[in-house]
Structure formats: structure tokens, C-alpha cells
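These are my notebook entries on one protein structure. I wrote down what I looked up, entry by entry.

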Protein chains: 2
Amino acid sequence: MVGGGQLARMTHEAGIPLGIRFKLLSDTPQDSAAQVVSDVVIGDYRDLDTLRDFARGCDVITFDHEHVPTEHLRALEADGIPVRPGPDALVNAQDKGVMRAKLDELGVPCPRHRIVKDPADVAAFAAEGVAAGDTESDGFPVVLKTVRGGYDGKGVWVVRSPEQAAEPFRAGVPVLAEEMVGFVRELAANVVRSPHGQAVAYPVVESRQVDGVCDTVIAPAPGLSEDLAGRAQELALRVAKELGVVGHLAVELFETPDGRVLVNELAMRPHNSGHWSQDGAITSQFANHVRAVLDLPLGDPRPRAKWTVMANVLGGDYPDMYAAYLHCMARDPQLKIHMYGKDVKPGRKVGHVNTYGDDLDDVLERARHAAGYLRGTITE
Amino acid sequence: MVGGGQLARMTHEAGIPLGIRFKLLSDTPQDSAAQVVSDVVIGDYRDLDTLRDFARGCDVITFDHEHVPTEHLRALEADGIPVRPGPDALVNAQDKGVMRAKLDELGVPCPRHRIVKDPADVAAFAAEGVAAGDTESDGFPVVLKTVRGGYDGKGVWVVRSPEQAAEPFRAGVPVLAEEMVGFVRELAANVVRSPHGQAVAYPVVESRQVDGVCDTVIAPAPGLSEDLAGRAQELALRVAKELGVVGHLAVELFETPDGRVLVNELAMRPHNSGHWSQDGAITSQFANHVRAVLDLPLGDPRPRAKWTVMANVLGGDYPDMYAAYLHCMARDPQLKIHMYGKDVKPGRKVGHVNTYGDDLDDVLERARHAAGYLRGTITE
């Protein structure tokens, strides 16, 4: 696996029972996954020679993140190393411009969008969205995204005027403009697909963001109609198939007031919106990602509990979260803590907790309490 | 953790979510746990200097097996390293003579037993068990055990005459004689205890042996009365407390036809009879062992399914079990495979599978099928 973050850490954890040999390419020995894996190569994934050396002897390569350059992935494939997901699929998770063009081609519903070339073009894009006869609106706000490199709110701007639209263009990366969708809530449809074409769909979940960062995930999404849940799952399965995804695909969605879903983002790797599955599903996203990448039959994705809630643990003012374990574990003996071994910095994702049960209010309260207590924003 | 076997492997797996740094002392880099742990020291646990070097910088030491010499454990404690379980507790799992004497002192029911000094003494022990007036019986068969070093049927003999009783004495280790108990079945009462005295009891399980090796574990033990289950749990909790156990304690029991339980063996570490808890309990034995050793509050030991079955996977004639994954995983998408990364040798424990569900027959059949298919004794 290329990349030493928490996704690699938890993928290794899920791979241990399969008896496979897991090899990691990590930036530093302190990285989250490098702390727990035996076979670690320290190196820069942007360097092709490093990647090639690492890949030698691997049966298959997969990823903790989307940042490996596409041309490097093609070079590995040319060397005869299976790369899963492959470069033609992965580019859709690397480049939002490519992804939007591909989804348009497939007729998959997305927010209105196009590549814009400067602030004046942003104003033109905004105006294109004004309904005929509406003389009040200038079409703003508009969402601007650099097509590469953004995550967790980085590389994304909400602009209310052409004047505010200058910054995104400064990086020299193409900029995608999107309509600001007045969504009811955010959903995620997570699926896993294997090379021989088997695929499984997890229950559609609700994802709640705070300051652009995922805060809480509820599985399944409360009150979601069976019809819309089914359509979201079918959409994700279709995207996985048409894009040739292998492994876990997270399709982040907006649910609109008129009962549609629009694709927000794609991620081709285990994803924060699937962490609930570690304790809430028969087979976790990590276990199924490993099985897909190895072309093994996939595990059952169904839930084991009526409700499962995941709450992210962000770093707070206290560097030592371990002390907070005492209170959290004593208060809730069913709590599942998943920490990443990262240094605590304010606002940094350093872990998550899962809770499950029959009563959603209780399950939500327990997850939020634990995440808040670990962060230090709740002290009792 | 001292010892690189599968118990250490699975303890590491369970420790990853806690964000702790796990350090391993392993005989070789090929050992089961050494394949998956980052921080591995290769060395011989029988060498005190090796142990001391290993322990430096550890907050606490625990074990994958019972074989570390008691005097070495005392030396580590004298160095100021917490050893959990400590030498005074662990000696009861190391030396069956010490264990029987201690359980006698506590009034815990055991098979009739005493240390015997030669085959003639075995005959005397056998005769002591003959009921008054019974002129037919010579008291045989008798079970002989070397007090140290046995496991999985090794170091244990069932002898039917004084002539058969010579072999156990050849090792020069004290020999314990025990009555051959006519048990209904074997049970295990597993508990976990932490240094501050908190303890949790898992449901009592039934353990089925084949050729002296654990074959199948059913959780909870089918048809066990609430009364006997409660007494078995209380017995295990009492033993854990009185012996000062820290961590997981497996109390292997015989259920007698007249509705009593007798203690067969003790193990002070995660145990084969607790593997079901990885997929069948809210908190696994491995997670609770880690929590106990670190003196963290313990997790809920209750089952998540009505029935969970564990079946051991023994090595068969095919060295590559991986190929069998395809059929097993496709046949049962809910199957949980736990392999140890060991070379396959006929009869060697190389993994286990867990299944769970509402219908015991179905759950048993799925576990047995998978274990048999992986071994190669079932081919369809």
C-alpha cells in the first residue's frame, strides 16, 4: 500500500486475519501506518524509482491516498505490477475536472459545473445559473475548486462576488466552478468492486460536516426512503463499474429538497464515511478493500446493528488523549475507539469512535460525548 | 509482548485501534506476530539479558505464552518493569503442581490428583480412587501430566496400567497424576481482570476436542443451565482474584454428569477458547487483554450474536491454503477467516474461522465446512 496514513493503518489491521504480507511505502517512520506495519519502506511516492523499487515483489499495489502521479501508475503497470484501482479509474478521484466530464458522459447527476479560466469567467458561470426573468440575482455564491490536491475543505472556496474569486487561480491549477447546491443533507454511497466484477453496496449513510470536515456519520441515513437509498446505491455501483474502479469507492452525495441525489466527490480508497463499518457491518470497508484488491470474493456489507454512528476525534488543546481513555471507556464499555497514533494538533483528525445500538439518540449521544471528551471540548 | 505466536499477532491487531506502541520479542522474524508488527526484537526469552534489553522502555510486559522462567519475571519486576500477569500469578499457569495445590487451598473443585514419584506410586494413586468394596477395579485409567511444558495434548498421557506409566517420568520433570474424569463435555469460563480489580466474564463456552486438540468452540455453551453457567463464571472470577491474575484468564472445565464443574487447566493469556469473541462479542478477548494489561477500563464482554462458533484450521496436505479462500469466501460471505501466517504442516494449528447467527446448526455447519475446506478434508 502506498501512503502511511490512518487508512493504511486500518487496512493493515483488517488484512492481518487474511494472513497476507502487507508492505507499506511511507513518507516517514512516524507515519500512522508505519508505526504498526512490519514491512515498511520509507520513501517519496512522487519519485518513480522509489515506487518501482517498492513495487518489486508485490503481487498488487493499492493506495492510502490519491496523490500518486498518473504517469507513475502507468509505468508500474507497464512493469507488470497490477495497480488497483488502476490509473484510468483513479484519475477520476485525482482530478475533479476529469471526474465531472466522465460523470456528464455517463449521465450521472452532478451540480451544474464547468472549468473557469478567471474571475470574470466565474461571474459568467454564475450568471448562466440565473433563472430567466430573475433580475435580482447575480448567480452567486459559486463554489470554486482546484481540480487537484484538495481535501477536507482545502482547495475549496465559496465565493460571493468576482472579487472574491481571485485566490483559487493563484495556484496555477485549473479551477472548476460549481453551483452552490441547496442540499438537505450530505449522503455517502459506498461500494466495493473487485477485478472480476463482483460488487457490494453498503447502506447509504448520512455524513455531517462541521467547518468543511466530516464530523459524524450515521449508518444507515435516518429517514432515507428505500427508493432514494436504492437509487444512490445503484448510482455508486454504476459509477464503480463504468469507471473500472477496483476496491472501495466512496460516492459523496448531496440530497436535494426535491428528492434527488447529486454527486459531490469520489474517493477510490477506504473513506471516512465508511469507518462505521469496522464495528457496524458484517465486513468492514477495509476488509472488503483488501479482498477486492486481491480479487477475493467480497464479504457481506450488511449492518450488524440497527444504528451505527461514527464521530471523528479532532485534536484539541491536550496533547495526551490517552488519559481521556479512562473516563470514556469507564463511561461506555461498548464504545469502540480507533486512534491513529498521530501527534495531537488542534483540529487535526487523530482518530474516531464508533457506537452502535437500537436507539439512535443514545448512539449519537455516546459517539459525540466520547469524541468531544477525547478532544477536550466536553469535560464531564 | 514476549512471544511471537498467533496470540501476539491477534493482540497486536486488537491494540492498533488504541494507538498504543506494541513491541514484540520474537524467536525469529518469520514468527506469526513478527510478520505484522513494526517494533520487533529477535531474541531468546530464556536469556535474562535479552529480556532486560527488550523490556527497557516498555511501560508494561505481557506474554503470548507461559514459558518465561519465573525468576526472569522477578528480575524484571525488580528492575521496575510491571509484568502482567505477574510471576506469582503466572506460576499457576506454568506449573500444574503449583496450580493444583493453590486451587485445593482455595477449595476450588478439581479432579482428584497428587504428585506421583514413579509407576508404583501411580498404581497406588489409582488404587486410592477405588470405591470401598469394589474388588473389580484397579483404579485405572489414570491421567499423567508433566507439571511443566505441556500443551495441546503434549505432556499428557492416559495410562491403563503401571507398565504404561514409565514414559512420563523420563523427562525428569515432576509428574502429576489425576483421575480420569467421566465428563459430559468440556467448558471454558473466560474472564479478564485488571490491576485495579475490575473484572469481566465472557459467556461460558463449550469446547470440543479432537485428538487432544481444540476443534470447535460454541459460544455460549448450548443448553447450559443459567445456574451452572453462573457458578462457572463465579469460579473463574474468584480464581482470577485469588491468584492475582491480570489480563485474560481461561479456566478450562469438565462438566460432570452430576452437574458440577471441575477445573482442568488454567491459561493466563488470550486463549483458543476465546477466539470466538473476535467476531462474536462486543469486546474481544484480545482487546480486553490489552486494556487490562494497560489498566484501562474493560470493555463489554457480552455476545453480539445468539450463537458464535469458532473452528480451528489445521494444516492439511496442501501447503497453499490461500487458494481455498476463493471457495470459502464465495460460499459464505459472512465467514470470518483468521489465519496466522504460519507455514502449513499437517495437523498444525494455522488459523481459525468464526461464524455467527441465530441458528446453531447452520452456524456450526458453516464453521466446520470452512475449516475442513481450508484443511483439504472437505473438497466441495
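**Entry 1: Lys145(A) and its surroundings**

I looked up the contacts of Lys145(A), where contact means heavy atoms within 4.5 Å. Leaving aside neighbours within four places in sequence, I found Lys145(A) in contact with Lys96(A), Arg100(A), Gly155(A), Val156(A), Pro174(A), Val175(A), Leu176(A), Glu178(A), Asn264(A) and Glu265(A). I note that this is a predicted model, in which local features need pLDDT of at least 70 and side-chain atom pairs count only at pLDDT 80 or more, while totals for chains, interfaces and linings use all residues. Residues are numbered from 1 along each chain as its sequence is written, chains are lettered from A and ligands numbered from 1 in the order in which they are written, and side-chain values use heavy atoms, with hydrogens and water left out.

I placed Lys145(A) in strand S4 (residues 142-146) of chain A. Helices (H or I, at least four residues) and strands (E, at least two) are DSSP runs, numbered from the N terminus. Is Lys145(A) buried or exposed? Lys145(A) counts as buried, because its relative accessibility is 3%; buried means under 20% relative accessible area, exposed over 50%, and partly exposed in between (1.4 Å probe, protein chains only).

I also consulted UniProt, where an unreviewed entry lists Lys145(A) under "binding site", together with others including Lys96(A), Glu178(A), Met180(A), Glu186(A), Asn264(A) and Glu265(A). Such annotations may be inferred rather than shown by experiment.

**Entry 2: two loop residues**

I found Pro174(A) in the loop between strand S5 (156-159) and strand S6 (175-179) of chain A. Pro174(A) is partly exposed, with a relative accessible area of 46%. Beyond its neighbours within four places in sequence, Pro174(A) is in contact with Lys145(A), Thr146(A) and Val147(A). I also recorded that Pro174(A) and Asp118(A) are 56 residues apart in sequence and 9.7 Å apart in space, C-alpha to C-alpha.

I then turned to Met180(A), which lies in the loop between S6 and strand S7 (185-193) of chain A. Met180(A) has a relative accessible area of 41% and is partly exposed. With neighbours within four places in sequence left aside, Met180(A) is in contact with Pro141(A), Val143(A) and Val158(A).

**Entry 3: strand S7(A)**

How many of the residues of S7(A) are buried? I counted 9 of its 9 residues as buried. Both faces are covered: Arg185(A), Leu187(A), Ala189(A), Val191(A) and Arg193(A) lie on one side, and Glu186(A), Ala188(A), Asn190(A) and Val192(A) on the other.

Next I looked up the partners of S7(A); two strands pair if DSSP finds at least two bridges between them. S7(A) runs antiparallel to strand S11 (residues 247-255) of chain A, with 9 bridges joining them.
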